[in-house]
Amino acid sequence: MPGDGDGGRSSKDRKYLAMLERLSALEDGRQKHLAARRADSAAVANPLESVQAFLVAFGERRMDVERRLGSARARGSQALGPATVRAELDTIAAEVAELEKLLADACYYLAAYDVQASQSTIMKLKDELSSTTGELLPKKKFSFRNKAKADEDPEKNQASLPSTKFSFSNKAKADEDLEKKRASLPSQKHKSFSQSTDNSEKILSDSGSVETIKDLCDCVIVKDTSSFSIKEVALSNLSSCKVFLRGSLRALYIHRIKDCQICVGPVAGSVLLEEIQGCVVVLASHQIRIHSASSSDFYLRLRSRPIIEHTSKVRFAPYAFHYKGLENDLAEANLSEETGMWEKVDDFRWLRAVSSPNWSIIPPHERLSNLVPPEVINNGSSPL
C-alpha cells in the first residue's frame, strides 16, 4: 500500500509540475507578446510627442537664440556693418518663429503650466530681440536741415520771396477756396478704401519689428501681405472697420478693436488677441490666445487648442476666409488640414470639471461662409 501511496503522490507531483510548466509557458508567451506590442508602438510613435523631448529641444533652441543675441551685441554694428547685423537679426527672428511653431505643434499634449512657461520664454526672447535691434540699428533722428540752411541768410531768402500785396478781397477769396477744398475731401469719420490702400504710410507704420494698422474708424482695408517688408503685423485701436489681409504672416497681434470684421490669411506662428468687443475674427494659425474678449465670433483653423482668458460670450466656428491663392498659402504654413481644434477651447480661468460657460459653438445655420475681400472698382475706392 505504501507503494501505491508513493505512486499516487508521484503522479500528482508530475501533474502539478506539468501545470506549472504550462503556466510558465503561457506567461512567457504573454510577455513576448507585450514586448512585441511595445516595440511596434515605439516604431510608429512620433518621437516629438514626448514632453521630455519637447523640453530638451525647446531649451536647446532657446539657448541658441540667447547665444546669438549676446554675440551680436558683443560685436556691435560698427564691427559687423549694418547689412550683416540686419541679416543676423533676421536669422534670430526666424529662430524665434521656429520656437513658436515648435510650441504650437506640442500644445495639445503639454500641460498648461509648460505651455504658459514656454510662451513667457518666447515673449522674453522677442523683447530682447527688439531691444537688441534698437541698440544695433537705431533709427535716424529727424532734423530740420533745410530749415537750418535757410536760416543762415534770412535777408537773402526774404529777397527771393515774391512780393504779394495783402487785401481783404484776397483773404476772402483764399477763405472761399479753402472751404471748397475742405468740402471736396472725405470726412474723417467715413474714410474710403482708396485712402486705406493708396496712402499706406498714414495707416501702415513700421514700428521697427512689426507692421502696424492702427487708430482707424469706419474703414475698409484690403492689403496683400506680400507688400509688407516685415511679416509680423499688429492691428490696434480700430473701431467699426473691415480688414482683409491676403497672404501669409509670421505672427499677428490684435489689440483693442471694437465692432470690426477681421479676415486674415494663414499665420505660420502665433496670434495674440486682447480687448476684443463685438467683432468677427477669421484666422488660420498654429496657435491662438485670446484675452479680455466679449460678444465676439471666431472662425478658426488651428494646429493646437485655442486658449481664452478673462473672456465671455464668445463663439467659435471653422475658418471661413477665401481668396485666390489661399490653398497654396495654407500649404506653405502647414495649415492645409482641418484638425477640428477650433472647437476644443481651453478656458484658463475655468478650472471646474463642467464645461466653461464663457464660450460656445456657433450653430451651423448662423455661421458665415466664404468671406471674400471686397472688389476694387474704378480708382480703387470702396466706401464702407
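In this predicted model, ring pairs join F244, F321 and Y323 into a cluster.

**Aromatic pairs around F316**
- F298 and F316 form a stacked aromatic pair, with 5.6 Å from centre to centre and 25° between the planes.
- Because F298 belongs to strand 8 (residues 280-302) and F316 to strand 10 (residues 312-318), this pair ties together parts that lie 18 residues apart in sequence.
- Both F298 and F316 are buried, and F316 has a relative accessibility of 0%.
- F316 also pairs with W359, here in an edge-to-face arrangement with 6.0 Å centre to centre and 85° between the planes.
- This second pair links distant parts of the chain, since F316 sits in strand 10 and W359 in strand 12, 43 residues apart.

**Packing of helices 3 and 4**
- Helix 3 (residues 82-106) packs with helix 4 (residues 112-136) at an angle of about 170°, their axes being 11 Å apart, which makes the two roughly antiparallel.
- Among the residues that make the contact are V85, L89, I92 and V96 of helix 3, together with V115, I122, L125 and L129 of helix 4.
- The residues of this contact divide into 12 nonpolar, 4 polar and 3 charged.

**The loop residue N358**
- N358 is found in the loop between strand 11 (346-347) and strand 12 (359-361).
- With a relative accessible area of 19%, N358 counts as buried, because the cut-off for that class is under 20%.
- Leaving aside residues up to four places away in sequence, N358 touches T311, S312, K313, V314 and D347.

Notes: Residues are numbered from 1 along each chain as its sequence is written. This is a predicted model: local features need pLDDT of at least 70, side-chain atom pairs count only at pLDDT 80 or more; totals for chains, interfaces and linings use all residues. Side-chain values use heavy atoms; hydrogens and water are left out. Axes are lines fitted to C-alpha atoms, for helices over the stretch in contact, and angles run from 0 to 180 degrees between N-to-C directions. Helices (H or I, at least four residues) and strands (E, at least two) are DSSP runs, numbered from the N terminus. Angles under 35 degrees count as roughly parallel, over 145 as roughly antiparallel, 65 to 115 as roughly perpendicular and the rest as oblique. Contact means heavy atoms within 4.5 Å. Ala, Val, Leu, Ile, Met, Phe, Trp, Tyr, Cys and Pro count as nonpolar, Asp, Glu, Lys and Arg as charged, and the others, Gly among them, as polar. Buried means under 20% relative accessible area, exposed over 50%, partly exposed in between (1.4 Å probe, protein chains only). Rings of Phe, Tyr and Trp (its six-membered ring) pair if their centres lie within 6.5 Å; planes under 30 degrees apart count as stacked, over 60 as edge-to-face and the rest as tilted.
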